[in-house]
Amino acid sequence: MNLNGVAGSPITIEYSAVVSPSISGDADNIYIVYGIGSQMRVRRSTNGGSNWSLIYTLNLVTSTSWMESIVSNQNLHITYLESGIVKYRYRNYQSGNFTGEMVVSTGETGTYPKITARYTGVNEDYVYFMWQKSGTNTNNWRKYRVTQNDWTSVLSGYTVSEPNLVSSNLAGIRVTSTTLVIYYSFYENGTYSHRLGWAWKRLSDNAFLGYLPNPYSNFNQLVYSTTTFDNNSHSAFYYKQIAGGEGGGQIEDFAIWRSKSISGYPDDIIYNYGLNPPSVDPMHVNVSSAGNEVHVIWKDSLGSNNGNNLRYRWENLNPIAPQNLTMSSHNNHPKLVWQKNPEQDIDYYRIYRRIGSLPFTLHTTVSASLPTEYIDNEETVCNPPPGAQCQSGTVAKYYITAVDLTAKVSPASNEVEAIVQGEDPYKISVNNPTEVVDNYELSQNYPNPFNPTTTISYSIKTSGEVSLKVYDMLGTEVASLVNENQEAGNYSVTFNASNLPSGIYVYALTSGNFVDTKKLILLK
């Protein structure tokens, strides 16, 4: 199915009367969460939305009137409204269980609870909540740090105060690296019905930065946002666009729209109803993403189901390039490992290989259902015995691409390489295990500075696992010189840095509890 509605039809997922459906997902799953009566239901798709399984039901004390969900760092987070209180639970992928109920709106009742999340590592694994205080035009917010089970206090959000204001509703929130964006709908005397506005605040100190009311009319009450792999932010909503601008024409276009611009204006159509929209405006428009693909659900009243159609469409883009391709040696054969693509519709990976000066050719494929790794048993990594060298060798280079279920192909990953049978190796180890060694020691490399080879000597007091690695100044590993079990003795390793740029590097020796590092300088 294409985002612009060129082919295919929406999928009907549930025929019962649903409440507040919400969609979210990651590299392995897409989740839809919604309410039916006093029950919360969770459905999951593992094949890009083609099929949906009911995986969880939760009986609540009373019927819920509102819920939202978000997936972040292997957790499915859900906020919901029960008897006017904003509550929260999350489900960990590994355990498969939901946490107990947590109260978000401490000391106050609210409406329209909103949720979003931001994960950049263990130190930033936050879930953000916002709600509108009952009987007011004020929105408050709070955040929860998942890894520490730590809540902030309730913080002030934004009070809507447009001229001739009749009422307002919280419509959505979005979090960037520095700001919290608050979307709201509002109604003024003498104008079109509901308009959309937004305000933004600085996350670090909750300072107000600005607001902007939108000139378009008849927006849906809710606005959801998602951020794709390319760091573009997307929102989705339903409204009627008047040709020529507000008051400037007679033709109206009824559609589910997407906005990618920072201004919030609509950019392209997700689904176009044309001039014959449903008699009741579509509701519960929600958006999520995986890789650079955007997934959207909404509810409309078309057909014979009395307004109970839950619709779904997705944007079928080329997959992103496979990330973090690395090379290592497994039983003296090149081993490739890469990160699984975040798109749910990946079918397989293509592995391309180049030997010496020959061009790259398709070597093999790996199904997306298998672990993201491959061992090239046709090639043997140069790993000579101590003091020896490979003869008549060459360089084997590799890269991979991802292919989805509709045959769309990703850009190429990064390239990796291995020295295979013959060429002078990156390292030549010489050891003297018969010598008596009293202490562990890592010597300064010689020569230093060097170009392109240098020798690193070290001593091992007790036999065991030994690691000698080289890192750049950002801490990225650039070479693994030793990674094996060695007897006690004195060792010398020649490091060939012909494939590295000039600069300062750090080499680190680890054996048992002994760790030592030194710097080396490559000058070309």
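**View 1. His 77 sits in strand S6 (residues 75–82).** Strands (E, at least two residues) are DSSP runs, numbered from the N terminus. His 77 counts as buried, at 0% relative accessibility. Buried means under 20% relative accessible area, exposed over 50%, and partly exposed in between (1.4 Å probe, protein chains only). The side chain of His 77 makes a polar contact with the side chain of Tyr 88, at 2.7 Å. A polar contact is a pair of N or O atoms within 3.5 Å; within protein, one must be able to donate a hydrogen and the other to accept it, and residues adjacent in sequence count only if both atoms are side-chain atoms. The model is predicted: local features need pLDDT of at least 70, side-chain atom pairs count only at pLDDT 80 or more, and totals for chains, interfaces and linings use all residues. Residues are numbered from 1 along each chain as its sequence is written, and side-chain values use heavy atoms, with hydrogens and water left out.

**View 2. Strand S30 (residues 394–404) is mostly covered.** Nine of the 11 residues in S30 are buried. S30 pairs with strand S27 (residues 346–355) in the antiparallel sense, over nine bridges. Two strands pair if DSSP finds at least two bridges between them. Ala 396 in S30 is the bridge partner of Ile 355. S30 also runs antiparallel to strand S31 (residues 416–420), joined by five bridges. Here Lys 397 stands opposite Glu 417 in S31.

**View 3. Three strands form an open antiparallel sheet, in the order S22-S23-S24.** Strands S22 (283–290) and S24 (309–314) are the edges, and each pairs on one side only. Neighbouring strands of this sheet are turned by 15 degrees against each other on average, direction ignored. Axes are lines fitted to C-alpha atoms. Six bridges link S22 to strand S23 (residues 293–300) in the antiparallel sense. Asn 286 stands opposite Ile 297 in S23.

**View 4. Met 473, Ile 504, Ile 521 and Leu 523 make a nonpolar surface patch of about 360 Å².** Patches are made of residues with over 30% relative accessible area and no salt bridge; like charges are joined within 9 Å, nonpolar side chains (Val, Leu, Ile, Met, Phe, Trp, Tyr) within 5 Å. A salt bridge is a side-chain nitrogen of Lys or Arg within 4 Å of a carboxyl oxygen of Asp or Glu. Accessible areas come from the Shrake-Rupley method with a 1.4 Å probe; for residues, only the protein chains shown count as cover. Ile 521 lies in strand S39 (residues 514–522). Ile 521 is partly exposed, with a relative accessible area of 31%.

Key. Helices (H or I, at least four residues) and strands (E, at least two) are DSSP runs, numbered from the N terminus. Axes are lines fitted to C-alpha atoms, for helices over the stretch in contact, and angles run from 0 to 180 degrees between N-to-C directions.
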